[in-house]
Amino acid sequence: MTTGAQTPRSPARPPRSRLRTFLPLGVALWLVLEIWLLTVVAGASNGFVVFLLLVAGVVLGSVVIKAAGRRAFRNLTDTLNQQQSGVPPESARPNSEGNGLMMLGGLLLILPGLISDVLGLLMLLPPVQKAVSRYAQRTVERKLRDAGPGTLGDAFRQARMHRPDGKVVQGEVIRDEHPDDAPQGPRPPLTR
């Protein structure tokens, strides 16, 4: 039985971004390269050398992550102590930057593979950290500039408005409850 109402059509999907299209291909290519390079090294020496290289990467990466985490925690406690004592915070600290990049380098060292180990070791060098930091800062500033004015709440509202069903009802719930009203018992669970 039909009522004459048309069924709503789902809106056309927006095209996939280049990142979402090529990221899986890039990850697969990286994995194939890592495995190929490990087999080349194993063929040139032996499997035990490859095993030692992988274990050394895990140990060195763990040490780097632990040291960067300790340094970050120490910087945080120093900053909190300065704020509590009323001392104005220092404008720039020589060792307060690069903890995140050090942790990223340690994580790359922990990942099995020689290419990731080389990238992790490069991330531990201060000139590379400064270059990556500047690049990341410029990229974030450009993205924020392109985003336009608004608050974080506006961004969440915009994200909510572009749901596939397109239904957004803005409003507020007002309950008429009096303080002398007693609850009638347990409320039923909320379901969709």
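Among the elements of the protein, which helix has the lowest mean pLDDT, and which the highest? The model is a predicted one, and helix H6 (residues 152–161) has the lowest mean value, 60, whereas helix H4 (residues 114–123) has the highest, 93. Across the protein the average pLDDT is 80, and 71% of the residues score at least 70. Where pLDDT is low, the predicted coordinates should not be read in detail.

The packing of helices can be followed from helix H1 (residues 18–44) to helix H2 (residues 47–85), whose axes come within 7 Å and cross at roughly 130°. H1 and H2 are therefore oblique to each other. On the H1 side, the contact involves Leu38, Val41 and Ala42, which meet Gly47, Val50, Leu53 and Leu54 of H2. By class, six residues of this contact are nonpolar, one is polar and none is charged.

H2 also packs against helix H3 (residues 99–110): their axes come within 7 Å and cross at roughly 165°. An angle over 145° counts as roughly antiparallel, and H2 is therefore roughly antiparallel to H3. The crossing of H2 with H3 is left-handed. H2 contributes Gly57, Val58, Leu60, Gly61, Ser62, Val64, Ile65, Ala68, Gly69, Arg71, Ala72 and Asn75 to the contact, while H3 supplies Asn99, Met102, Met103, Gly106, Leu107, Leu109 and Ile110. The residues of the contact between H2 and H3 comprise 11 nonpolar, seven polar and one charged.

Methods: Residues are numbered from 1 along each chain as its sequence is written. This is a predicted model: local features need pLDDT of at least 70, side-chain atom pairs count only at pLDDT 80 or more; totals for chains, interfaces and linings use all residues. Side-chain values use heavy atoms; hydrogens and water are left out. Axes are lines fitted to C-alpha atoms, for helices over the stretch in contact, and angles run from 0 to 180 degrees between N-to-C directions. Helices (H or I, at least four residues) and strands (E, at least two) are DSSP runs, numbered from the N terminus. Angles under 35 degrees count as roughly parallel, over 145 as roughly antiparallel, 65 to 115 as roughly perpendicular and the rest as oblique. Contact means heavy atoms within 4.5 Å. Ala, Val, Leu, Ile, Met, Phe, Trp, Tyr, Cys and Pro count as nonpolar, Asp, Glu, Lys and Arg as charged, and the others, Gly among them, as polar. A crossing is left-handed if the near helix is turned anticlockwise from the far one by less than a right angle, and right-handed if clockwise. pLDDT is the predictor's confidence in each residue, from 0 to 100.
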